[in-house]
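Thanks for making the time this morning.

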Amino acid sequence: MSTTARPLEGKTVIDLTTALSGPYATLLLAGLGARVIKVENPTRGGDSSRNNSPYVTREGLSVLRTSDEDMSVSMMLRGRNKESVTLNMKHPEARQVFLDLVANADIVVENYSAGVTSRLGIDYESVRHLNPALVYTSISGFGAQGGAGTGKAMDTIIQALSGVMMTAGKPGDGPVRFGLPIGDLVAPLFGVIGTLAAVLQAERTGEGQHVDVSMLGALTSLVACEPFDAFEKIGLPLRTGDYVPRLAPFGTFATSDGWFALCAPTDEFARGVMTALGTPELADDERFARRDGRVANADTLHAMIAQWAQHLTTADATARLEAAGVPAAPVRSTAEAVRDPLVRERGEVVQLAHPSFGVQEELFGAGLPMRLSASETSLSEPAPGLGEHTETVLRSLLGYADEQIAKLRDSGAL
């Protein structure tokens with residue numbers, strides 16, 4: 001089967017996003033083959049990610065930018081496979097350029113705060129007449145209607161409001177913020193799903209639509225996937241620390257040189273745990289033979305495993321558990337995880353390249369974590385410089401003459 005075609009080849013995306021949630025959505029669309037034209041504000045230095053330290057310089061990584069060629073690692077990751085044009089959206093002539101772009105696009109993605117696109121006159125209702133099949137995707141903190149005061153949202157704010165901070169840690173602990181910006185990363189996944197669904201419908205009906213995704217709703221919906229309300233009503237603790245008593249034996253355990261994770265909620269897996277511990281007879285003990293018994297005696301069971309593990313290395317403990325057929329794995333550092341040969345070979349994590357300096361540091365970024373048997377999916381093109389493709393896009397996509405582009409630049413629209 002041919003693997004040269006790309007799933008979204010021929011689709012054009014106008015990218016009005018900045019920071020993380022929106023740019024990650026358009027990164028995925030770019031990796032699937034769409035032409036992504038990133039619109040950046042020239043008066044503010046473009047996407048805010050361009051100013052995220054650290055930077056890759058000609059001499060290597062630096063906390064500070066040392067030249068105009070330097071690029072933040074954030075932009076090197078989020079800007080791949082995209083073209084950059086600069087438009088000052090508050091300039092009246094720039095707005096017309098944007099409308100021309102919309103008329104020639106299939107998708108628009110924006111992550112402004114609620115109400116901003118309306119004030120600029122570039123919201124879905126203002127542009128839909130130009131392109132009836134347009135899919136216009138908005139990713140915001142609280143949804144298109146706005147909410148929570150200013151309507152501005154950062155990942156930690158969303159984590160706090162979603163309840164997810166109270167699902168980790170032990171009873172009585174303070175809130176636990178996820179180190180991974182989970183709110184910023186979950187919303188774009190739903191954004192892409194909604195966008196692709198709307199594109200399919202537009203191809204069938206000729207009518208586009210507005211796709212409205214909120215960070216708060218996306219993350220809270222995942223929190224609601226676990227029946228925390230039911231747990232609370234029957235007296236099960238919502239926060240259980242290192243272990244999950246209702247699935248015992250289940251959790252993370254310290255060894256002499258690290259940690260490992262263990263997931264053995266079934267009778268078969270639990271029997272394997274007893275074998276690995278060197279106490280196979282306990283598999284027939286009424287306290288541990290069935291799941292209800294293990295849940296009732298979870299503290300005792302987890303204490304036994306912890307006592308056993310502390311005298312072993314992580315490699316030894318996981319080897320014994322795996323030999324007994326138990327799902328177990330070492331807890332890796334992030335540096336170890338992104339260097340896993342399997343995820344590297346599958347393109348789920350890839351090495352980052354600077355557009356001018358190439359690959360000079362061992363820096364890894366997200367790849368495209370989906371493989372299609374008859375399509376190419378990749379993020380192989382380096383991130384663009386600010387406004388690098390402005391003139392090319394205006395000429396090739398919109399047919400603007402050089403004189404027209406020069407006037408726009410002189411007026412401050414570009």
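I will begin with the chain as a whole, then take some of its elements and side chains, and finish with the pockets.

A word on the basis first: this is a predicted model, in which local features need pLDDT of at least 70 and side-chain atom pairs count only at pLDDT 80 or more, while totals for chains, interfaces and linings use all residues. Residues are numbered from 1 along each chain as its sequence is written, and side-chain values use heavy atoms, with hydrogens and water left out.

The secondary structure of the protein chain comes to 17 helices and 14 strands, where helices (H or I, at least four residues) and strands (E, at least two) are DSSP runs numbered from the N terminus. Taken along the principal axes, the box that the C-alpha atoms fill is roughly 85 × 50 × 45 Å. Of the 414 residues in the chain, 44% are buried, and by buried I mean under 20% relative accessible area, with exposed being over 50% and partly exposed in between, for a 1.4 Å probe and protein chains only. If we take contacts, meaning heavy atoms within 4.5 Å, between residues at least 6 apart in sequence, 67% of them join residues at least 24 apart.

Let me turn to helix H1, residues 21–31. Eleven of its eleven residues are buried, so the helix is largely enclosed by the rest of the structure; among them are Tyr24, Leu27, Leu28 and Leu29. After H1 comes glycine 33, with a positive phi near 110°.

Strand S6, residues 82–86, is another such element: five of its five residues are buried, so S6 too is largely enclosed by the rest of the structure. In a regular strand the side chains alternate between the two faces of the sheet. In S6, Lys82, Ser84 and Thr86 point one way and Glu83 and Val85 the other way, and all are buried. S6 pairs with S2 in the parallel sense over five bridges, pairing being called if DSSP finds at least two bridges between two strands, and lysine 38 stands opposite serine 84 in S6.

Which residues surround phenylalanine 98, once its neighbours within four places in sequence are left aside? They are Ile14, Leu16, Leu87, Met89, Ile122 and Val127, each of them in contact with phenylalanine 98. This residue is found in helix H3, residues 92–103, and is buried, with a relative accessible area of 0%.

A search of the whole structure finds five aromatic pairs, the rule being that rings of Phe, Tyr and Trp (its six-membered ring) pair if their centres lie within 6.5 Å, with planes under 30 degrees apart counted as stacked, over 60 as edge-to-face and the rest as tilted. In one of the pairs, the rings of tyrosine 124 and tyrosine 136 have their centres 5.9 Å apart and their planes at 55°, so the pair is tilted. Tyrosine 124 lies in helix H5 (residues 124–127) and tyrosine 136 in strand S8, so the pair ties together parts that are twelve residues apart in sequence. Both of these tyrosines are buried.

Phenylalanine 260 and tryptophan 308 form an edge-to-face pair, 6.4 Å centre to centre with 85° between the planes. This pair links distant parts of the chain, 48 residues apart, with phenylalanine 260 in strand S11 (residues 259–263) and tryptophan 308 in helix H12 (residues 298–309). Phenylalanine 260 is buried at 0% relative accessibility, and tryptophan 308 is buried at 13%. Together with Tyr243 and Phe253, they form one aromatic cluster.

Finally, the pockets. On a 1 Å grid over the protein atoms alone, a pocket is an open set of points where a 1.4 Å probe fits, with protein on both sides within 12 Å along at least five of seven lines, and lining residues have an atom within 4 Å of a point. Volume here is the space filled by probe spheres set on the points, which are joined across faces, edges and corners.

The largest pocket holds about 1200 Å³ of space. Its lining comprises 39 residues, of which Thr18, Ala19, Ser48, Asn111 and Tyr112 are the closest to its centre. Strand S2 (35–40), helix H4 (116–120), strand S8 (135–140) and helix H6 (155–162) are the elements that give two or more residues to this lining.

The second largest pocket has a volume of about 630 Å³, and 19 residues line it, with Leu77, Leu180, Phe364, Gly365 and Ala366 nearest its centre. H2 gives the most to this lining, with four residues.
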